[in-house]
Amino acid sequence: MKSPEEILELKNVKCTSIRIVVLQHLLSQEKAVSLKDIEAELTYTDRSSIFRTLKTFEKNKVIHSIEDGSGMIKYAICSEDCNCDPEDLHFHFYCSNCGKTFCLLDTPIPNIQLPENFKLQQANFVIKGLCNHCNQ
């Protein structure tokens, strides 16, 4: 796995201390996390700095955002070769018990035939149920 500095360099994002700290935190997660989750863990960093960092990461395809129906946008690391193009989109799984959201990277969205002159820019596919920990 690449270091935060290598990832930022690969995505042409300037390395700053806040960006490295936020990216390290995101890399340590096995699930998608909200701004509120990140803020709770990085108590020494202000919310606006974290939010600006997330928006910079999203713009530069370091992370992607997920609207999982929980009322909060969650963020997850993009795979190394991701360009956030339609062919990079994948399903997400939201656990209705613990509230965690997981990227299902091995489950790409199906090819969607749109009407002529329509262009897919984003899709949100969320499967809801119980995660492996809550289903025991």
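1. Arg 47 counts as partly exposed, because its relative accessibility is 45%, where partly exposed covers the range between buried (under 20% relative accessible area) and exposed (over 50%), computed with a 1.4 Å probe on protein chains only. This residue forms a salt bridge with Glu 39, the closest N and O atoms being 2.8 Å apart; the term salt bridge stands for a side-chain nitrogen of Lys or Arg within 4 Å of a carboxyl oxygen of Asp or Glu. Glu 39 is itself partly exposed, at a relative accessible area of 26%.

2. On provenance, this is a predicted model, in which local features need pLDDT of at least 70 and side-chain atom pairs count only at pLDDT 80 or more, whereas totals for chains, interfaces and linings use all residues. Residues are numbered from 1 along each chain as its sequence is written, and side-chain values use heavy atoms, with hydrogens and water left out.

3. A search of the whole structure finds three salt bridges, one of which is the Arg 47 and Glu 39 pair described above. Another joins the side chains of Lys 55 and Glu 58, at 3.0 Å from N to O; both residues lie in helix H4, three residues apart, about one turn of the helix. Lys 55 is partly exposed at 34% relative accessibility, and Glu 58 is likewise partly exposed at 22%.

4. Lys 74 and Asp 68 also meet through their side chains in a salt bridge, with an N to O distance of 3.0 Å. Here Lys 74 counts as buried, at 6% relative accessibility, and Asp 68 is buried as well, with a relative accessible area of 1%.

5. Leaving aside residues up to four places away in sequence, Arg 19 touches Leu 8, Val 13, Lys 14, Thr 53, Thr 56 and Phe 57, contact meaning heavy atoms within 4.5 Å.

6. Three strands form an open sheet in the order E1-E3-E2, with antiparallel pairing. Strand E1 (33–34) and strand E2 (63–67) stand at the edges, each with a single partner strand, so one side of each is left without a neighbour in the sheet. Two bridges join E1 to strand E3 (residues 73–77), pairing being assigned if DSSP finds at least two bridges between two strands, and Ser 34 stands opposite Lys 74 in E3. Helix H2 packs on this sheet, touching E1, E2 and E3, and its direction makes about 85° with that of E3. Helix H4 (residues 47–59) lies across E2 and E3, running at about 105° to E2; axes are lines fitted to C-alpha atoms, for helices over the stretch in contact, and angles run from 0 to 180 degrees between N-to-C directions.

7. Three strands also form an open sheet in the order E5-E4-E6, with mixed pairing. Its edge strands are E5 (101–108) and E6 (126–129), each pairing on one side only, and the twist averages 30° from one strand to the next. Four bridges join strand E4 (residues 90–95) to E6, the two running parallel, and the bridge partner of Cys 95 in E6 is Gly 129. Helices (H or I, at least four residues) and strands (E, at least two) are DSSP runs numbered from the N terminus.
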